[in-house]
Amino acid sequence: MLGQNQHFAKYAPEKIPYAIERYVNETRRLYKVLNTHLDGRTFITGQDYSIADMAAYPWIVQHEEHGIKLADFPHIKTWFETIRERPAIQRAYKVAEKVQVMDPTQDSLAHKILFGLTQ
């Protein structure tokens, strides 16, 4: 759902208000679900860092692009900050800074892939 939020709000060639509103609202709902789930837990599955955290964390990194303020979700904010400080996470993001990321709105092949035009 968060990917759909970004697709319609950022990348879609036509801004469709219904789609944008639908996915922004669904994103907020899912943040609320995760925030409630994290109450009393250090990580998504409990007290141990797991693949669930590894899978969810990169989506929360983009919270500002989702139109989300982490201050509105205190349990997510604590979880996010805990993971962000992990040495392996810091190393991974340092490596990522060195990788040139293609902007799918500027590169024609990436644009075709993003919008399913290569099927």
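Student: How far does the backbone nitrogen of His75 lie from a polar atom of the side chain of Asn35?

Tutor: This is a predicted model: local features need pLDDT of at least 70, side-chain atom pairs count only at pLDDT 80 or more, and totals for chains, interfaces and linings use all residues. Residues are numbered from 1 along each chain as its sequence is written, and side-chain values use heavy atoms, leaving out hydrogens and water. The distance from the His75 backbone nitrogen to a polar atom of the Asn35 side chain is 2.8 Å.

Student: Does Asn35 count as buried or exposed?

Tutor: Asn35 is part of helix α2; helices are DSSP runs (H or I, at least four residues) numbered from the N terminus. Buried means under 20% relative accessible area, exposed over 50%, and partly exposed in between, with a 1.4 Å probe and protein chains only. Because its relative accessibility is 11%, Asn35 counts as buried.

Student: Leaving aside neighbours within four places in sequence, which residues are in contact with Asn35?

Tutor: Contact means heavy atoms within 4.5 Å. With neighbours within four places in sequence left aside, the contacts of Asn35 are Phe73, Pro74, His75 and Ile76.

Student: At what angle do the axes of helix α2 and helix α4 cross?

Tutor: Two packed helices are described by the distance between their axes and the angle between them. Axes are lines fitted to C-alpha atoms, for helices over the stretch in contact, and angles run from 0 to 180 degrees between N-to-C directions. The axes of α2 (residues 17-38) and α4 (residues 74-84) come within 7 Å, and the crossing angle is roughly 75°.

Student: Which residues of α4 make the contact with α2?

Tutor: On the α2 side, the contact is made by Tyr31, Leu34, Asn35 and Leu38. On the α4 side, it is made by Pro74, His75, Ile76 and Trp79.

Student: Which residues touch the most other members of the largest nonpolar core?

Tutor: A nonpolar core is a set of buried Ala, Val, Leu, Ile, Met, Phe, Trp, Tyr and Cys residues joined through side-chain atoms within 4.5 Å. The largest one has 17 residues, and those touching the most other members are Tyr31, Ile60, Ile76 and Trp79.

Student: Which helix gives the most to this core?

Tutor: At least two residues each come from α2, α3 (51-61) and α4. With four residues, the helix giving the most is α4.

Student: What share of the residues of the chain count as buried?

Tutor: The chain has six helices and zero strands. Of its 119 residues, the buried share is 29%.

How values were computed
Polar contact = N/O pair within 3.5 Å; in protein donor to acceptor, adjacent residues only side chain to side chain.
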